[in-house]
Amino acid sequence: MSDYGKNKKTISHVKCDVENCIHNNHDCCCTAKEIKVGPQAASCCSDTICQSFVKQR
């Protein structure tokens, strides 16, 4: 697992469990400058995805 997101400023109140995303600071917080969640139409939580996800290398 990369240390990419550690010690970066996080988005307040945005929690993320996706440990292989470069925006995760490994403390369940998102460090992306902004997030985009989609698709445009969803019926329940499982219908949504974070479109800001970038896989760690």
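## Cysteines

Cys 44 counts as partly exposed, at 39% relative accessibility, where partly exposed lies between buried, under 20% relative accessible area, and exposed, over 50% (1.4 Å probe, protein chains only). This is a predicted model, in which local features need pLDDT of at least 70 and side-chain atom pairs count only at pLDDT 80 or more, while totals for chains, interfaces and linings use all residues. Residues are numbered from 1 along each chain as its sequence is written, and side-chain values use heavy atoms, with hydrogens and water left out.

Across the whole structure, 0 disulfides are found, a disulfide being a pair of cysteine sulfur atoms within 2.5 Å. Cys 44 is in no disulfide, and the nearest cysteine sulfur, that of Cys 45, is 7.3 Å away. Cys 29 is likewise in no disulfide, the nearest cysteine sulfur being that of Cys 28 at 7.1 Å, and Cys 29 counts as buried at 12% relative accessibility.

## Gln 56

Gln 56 is placed in the segment after strand S2 (49-50), strands being DSSP runs (E, at least two residues) numbered from the N terminus. With a relative accessible area of 11%, Gln 56 is buried.

The side chain of Gln 56 reaches two backbone oxygens: that of Glu 19 at 3.3 Å, and that of Cys 21, which lies 3.2 Å from a polar atom of this side chain.

## The largest pocket

The largest pocket is lined by 17 residues, and those nearest its centre are Lys 15, Cys 16, Val 18, Cys 30 and Cys 50. Its lining divides into 11 nonpolar, 4 polar and 2 charged residues, with Cys and Val counted as nonpolar and Lys as charged.

Definitions and conventions
On a 1 Å grid over the protein atoms alone, a cavity is a set of points where a 1.4 Å probe fits but cannot get out, and a pocket is an open set with protein on both sides within 12 Å along at least five of seven lines; lining residues have an atom within 4 Å of a point. Helices (H or I, at least four residues) and strands (E, at least two) are DSSP runs, numbered from the N terminus. A polar contact is a pair of N or O atoms within 3.5 Å; within protein, one must be able to donate a hydrogen and the other to accept it, and residues adjacent in sequence count only if both atoms are side-chain atoms.
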